[in-house]
Amino acid sequence: MTVSPRNRWAVLVTVAAGLLLITLDNSILYTALPTLTRELGASQTQGLWIINAYPLVMAGLLLGAGTLGDRVGHRLMFLIGLVLFGIASLVAAFAPTANVLIAARAFLAVGAAAMMPATLALLRVSFTDEKERNFAIAIWGSISVIGVALGPIISGFLLSHFWWGSVFLVNVPVVALAFISTLIVAPRVAPDRSRHWDFVSSVLALVSLAALVIAIKETAHAGQSWAVPAAAAAIGLIATLLFTRRQSRLADPLLNFALFRNPAFLAGTLAAAFAMFAFAGLQLATTQRFQLVAGFTPMQAGILVSLAAIGSLPTAMLGGAFLHRIGLRILIAGGLAVATVGVLIATLGISHGIGWLIAGSVLAGAGVGAAMSVASTAIVGNAPVKNAGMAASVEEVSFEFGSLIAVALLGSLMAAVYSLGVVLPGGIAAAARDSLPNALSIADEMGADGIALKQAASTAFDRAFLMVMYVVAGVIALGALFTGVLLRSYGPGSQSSHYPH
């Protein structure tokens, strides 16, 4: 189906609305987590799962959803995803317990997984001109950034005026509008019914990711028993091997590993993961530290952590527009290198004032924005149109995997460093060692006698914050190195897409 010039930009607006919902729900709980933990009586582990259930289930289902979209049609997948997302948002908004909210977040992820590959695949088939498509995908990437930026701010605003369920209820009207618009403007591309969709492969992908996250989380709290993390790691390894073996035997695999032989495709995949690791790591660490230690309100913390995303907007927009001149290597590897410097500067905010944190966050965002602006182009432009859904899924799995690992690894690392490093005053309950919220609660009950405990706990948490920031910087630096090597032939003026049409 040929899409008219007016309609293809309307398609962009429509899928952008769905994408905005998906990315908002990835970051909207960073500032809301302390409130949710308090209102629902959630434990520290439940708190991390409230955040992680969404990206975990989504990442596990994305490969299957993208390939299913190639078979049944991406327009239909987008519509189904919107309906599921709207229902799940209502359930989450009125969840009576932490466990119900975790389940609702997992259900949200099912809808998001159905929508996410469809957003990029619909752009791939709607925009046939390469330069125009690069610009459209850059706008698409910018919407992702806007969602990441707006999530904490919207959360802070809603929590200041309404009850916590409003952070989910806000999704419903957007879902309704996007559904109507999709029926009107989205292209009806004939689905390829001859392609087989493999449910078993989708389940294996979900199991491997879930086991990996559980292994990371449980390792931080293993203590004297390593049975759970070891078992989770073994299950994850077995599921990964079975998934890989199964793909090599399928006529229509969920993931065609041959795509990764293209260095630009591989570099784009890595860049997406490293970029989201940086964003999620910065936001998780900063919101927790400045709300719990510095006493920021959710709204103030939301504005603070949005600076990185706001800093990325100019480079995200310009990167796609000038990709044909600058080339993939400078934008991806160079962008990640700049982000590394930005994160290191941001760490000075603890000892030298918040101005350093602001400057570093904006610089880190600018670097990540440059990489994100063309990572999607490197992926979808180096896969044939018949694999548009698969390529879109790979791109989205990379984004979600980066965010997922950041929350699982850095959240667990922060908790472990705090617990190991806090020096409690004499006579203080051991529960104060479990987490900073516990320590602050105990200190509040002690009144004036709790000042020493607050200082000790805050000092330990600041050390944990710095450790997390250094890890983020190190990981991004590795990303710059790897992608720079892969993209050594993609300098200024080079062609970024192997399949320009």
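Which residues form a nonpolar patch on the surface? The legends below take up this patch and then the cavities of this predicted model.

**View 1. A nonpolar patch on the surface.** Val83, Ile87, Val91, Val100 and Phe107 form the patch. Together they have about 350 Å² of accessible area.

**View 2. The helices behind the patch, H3 and H4.** Helix H3 spans 74-93, and helix H4 spans 98-126. Each supplies at least two residues of the nonpolar patch. H3 gives the most, with 3 residues. Val91, one of the patch residues, lies in helix H3.

**View 3. The largest cavity.** The structure holds 3 cavities of 30 Å³ or more. In the largest cavity lies about 70 Å³ of space. Among the residues that line the largest cavity are Leu19, Thr23 and Asn26. Trp140, Ser144 and Val148 also line it, as do Glu396, Phe399 and Glu400. Met116 and Met276 are in the lining too.

**View 4. Helices around the largest cavity.**

**View 5. The lining of the largest cavity by class.** The lining has 6 nonpolar residues. Another 3 are polar, and 2 are charged.

**View 6. The largest cavity and two domains.** Where does the largest cavity lie? Domain 1 (1-197) gives residues to its lining, and domain 3 (262-500) does too, so the cavity lies between these domains.

Note on methods: Residues numbered from 1 in each chain as written. Predicted model: local features only at pLDDT ≥ 70, side-chain atom pairs only at ≥ 80, totals over all residues. Heavy atoms only, no water. 1 Å grid on protein atoms, 1.4 Å probe; cavity = no way out; pocket = protein on both sides within 12 Å on 5 of 7 lines; lining within 4 Å. Points joined across faces, edges and corners; volume = space filled by probe spheres on them. Helix = DSSP H or I, 4+ residues; strand = E, 2+ residues; numbered from the N terminus. Nonpolar A, V, L, I, M, F, W, Y, C, P; charged D, E, K, R; others polar. Domains from an automatic or database assignment. Patch = residues over 30% accessible without salt bridge, like charges linked within 9 Å, V, L, I, M, F, W, Y side chains within 5 Å. Areas by Shrake-Rupley, 256 points an atom, 1.4 Å probe, with all protein chains shown as cover. Salt bridge = Lys/Arg side-chain N within 4 Å of Asp/Glu carboxyl O.
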